[in-house]
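The following paragraphs lead through the structure shown below.

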Amino acid sequence: MIQLPFALSEYRTRLQAIRAEMARRNLDLLIVNDVANQHYITGYDGWSFYTPQVVLVPLVDEEPVWIGRAMDAAGGLLTAWMKPENVVGFPEDHVQRADRHPMDWIAEWISRKGWGRGTIGIELEAYYYSPKAHARLTAGLPNATFQDADLLVNWIRSVKSEAEIDYLRKASRLAEAAVTAAYEVIAPGVRECDAIARIQAAQVAGSPDFAGDITALPPTILGGENASAPHVMWSDRRFGANETVALELAGVVRRYTAGLARTMQLGTMPTKVGDTSKAVLEGMEAVLATIRPGITAEAVEASWRQVIQRYGLKKESRIGYSIGVAYPPDWGEHTISLRPGDKTVLQPGNVLHSILGMWMDGWGIEVSETILVTESGNETLTRFPRDIHVKS
């Protein structure tokens with residue numbers, strides 16, 4: 001029996017919102033390439049997106065259709081809510097062949113269904129959707145007009161339901177467990193890879209009541225000079241005495257991600273680290289004091305910038321983004337960004353990962369929270385001490 005993450009009524013509500021936006025854009029069909037959006041619409045969950053995979057949403061009131069590799073259609077029957085005939089597999093002889101492409105077959109299937117004319121919206125910026133795939137699809141549908149529908153579904157996703165927020169609360173508990181594990185295991189002489197193993201165990205083991213999932217971004221632990229670059233991967237390097245270690249971790253439940261960044265100090269804290277941490281922590285308080293419905297994303301960033309400017313600091317990159325359901329390689333929703341120029345007005349149900357990373361010359365610190373915009377203000381879903389954790 002299929003155990004969906006959400007009630008069927010929630011999937012139907014999502015479809016209604018997607019179709020309303022399709023109608024506004026005069027789209028007859030939406031081809032969904034983003035894996036997280038496919039899951040959001042259908043519930044399908046499988047590691048099958050290394051071959052082409054789409055979800056088709058017609059404007060007419062029919063169920064969506066998942067199309068992927070034939071062997072993975074069985075997974076669709078186990079995880080997606082649609083009737084079996086709306087889970088379709090392309091044949092094995094189209095998998096990684098030079099003389100044919102899955103999109104040839106998918107285009108033909110769309111034409112046979114009668115959806116090959118009119119205006120088709122398609123997500124052109126989606127991960128795993130290659131230029132060749134797009135060329136073969138459009139060649140196979142010569143009677144259609146294609147329109148870029150990138151982020152159509154993402155913006156609908158940016159407002160979370162109560163059921164989604166419940167998963168994000170659970171994910172937040174796993175994020176806290178991951179940081180706790182990091183604090184326990186990281187010490188001078190410990191290898192980075194061994195610390196990562198402990199952290200991932202905490203992320204995936206979950207709790208007695210729910211399981212953890214793989215994170216869309218791998219755990220990041222940045223010690224010493226590596227902390228000056230935000231996305232360096234771990235190795236068998238050993239942590240040194242008196243290192244500042246930045247952690248960017250997460251918890252995931254039913255693909256819903258809560259991020260949590262914190263900083264450790266091994267041994268004596270340098271004055272420059274302590275001074276910068278004061279600015280960052282004060283900046284987070286300013287961010288939390290600003291986030292509420294009706295405030296723009298850029299106003300949130302401005303509150304942070306005003307604080308760090310008083311300390312003689314600056315940060316060029318954004319300080320946060322919308323977060324929710326996610327698959328590798330990224331857990332951001334690509335919609336709201338806390339940065340100058342983003343005039344998105346926050347509304348209840350938005351969930352933001354505000355990450356205040358300061359990557360300096362040869363060292364760095366990070367502090368973040370996953371924040372729910374409520375009717376009257378905000379709630380930090382992640383709740384964990386923010387001060388730099390000193391381990392002597």
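Two residues are in contact when heavy atoms of theirs lie within 4.5 Å. Leaving aside neighbours within four places in sequence, Ala216 is in contact with Ala326, Tyr327, Pro328, Pro329, Asp330 and Trp331. The model is a predicted one, in which local features need pLDDT of at least 70 and side-chain atom pairs count only at pLDDT 80 or more, while totals for chains, interfaces and linings use all residues. Residues are numbered from 1 along each chain as its sequence is written, and side-chain values use heavy atoms, with hydrogens and water left out.

Helices and strands are DSSP runs numbered from the N terminus, a helix being H or I with at least four residues and a strand being E with at least two. In these terms, Ala216 belongs to the loop between α8 (192–205) and β7. Burial is judged by relative accessible area: under 20% is buried, over 50% is exposed, and values in between are partly exposed (1.4 Å probe, protein chains only). Ala216, at 8% relative accessibility, counts as buried. Between Ala216 and Gly75 there are 20 Å from C-alpha to C-alpha, with a separation of 141 residues in sequence.

One of the contact partners of Ala216 is Pro329, a residue of the loop between β10 (320–327) and β11 (330–337). The peptide bond leading from Pro328 to Pro329 is cis, and its omega is near 15 degrees.

Two asparagines in other loops have a positive phi. For Asn26, in the loop between α1 and β1 (29–32), phi is near 60 degrees, a positive value in a residue other than glycine. Asn26 is exposed, at 59% relative accessibility. For Asn242, which is likewise not a glycine, phi is about 65 degrees. Asn242 is placed in the loop between β7 (220–223) and β8 (244–253) and is partly exposed, with a relative accessible area of 46%.

A further asparagine, Asn33, lies in the loop between β1 and α2. Is Asn33 buried or exposed? With a relative accessible area of 4%, Asn33 is buried. Its contacts, apart from neighbours within four places in sequence, are Gln38, Gln53, Val54, Ile122, Glu123, Ala126, Tyr127 and Tyr129.

The next topic is the sheet. Strands of a sheet pair through backbone hydrogen bonds, either parallel or antiparallel. Two strands are taken to pair if DSSP finds at least two bridges between them.

With β5, β1 pairs in the parallel sense over 3 bridges; the bridge partner of Leu29 in β5 is Ile120. Strand β5 (residues 118–122) is mostly covered, since 4 of its 5 residues are buried. The pairing of β5 with strand β6 (residues 144–148) is parallel and has 5 bridges, and Ile120 has Phe146 as its bridge partner in β6.

Helices also meet one another. Which residues join α1 to α2? Tyr11, Arg14, Leu15 and Ile18 in α1 meet His39, Tyr40, Ile41 and Thr42 in α2. The axes of α1 (residues 8–24) and α2 (residues 35–42) come within 8 Å and cross at roughly 120 degrees. Axes are lines fitted to C-alpha atoms, for helices over the stretch in contact, and angles between N-to-C directions run from 0 to 180 degrees. Angles under 35 degrees count as roughly parallel, over 145 as roughly antiparallel, 65 to 115 as roughly perpendicular and the rest as oblique. The two helices α1 and α2 are therefore oblique to each other.

The axes of α4 (residues 102–113) and α5 (residues 131–140) likewise come within 8 Å, and they cross at roughly 30 degrees. The contact involves Met103, Asp104, Ile106, Ala107, Ile110 and Ser111 of α4 with Ala133, Arg136, Leu137 and Gly140 of α5.
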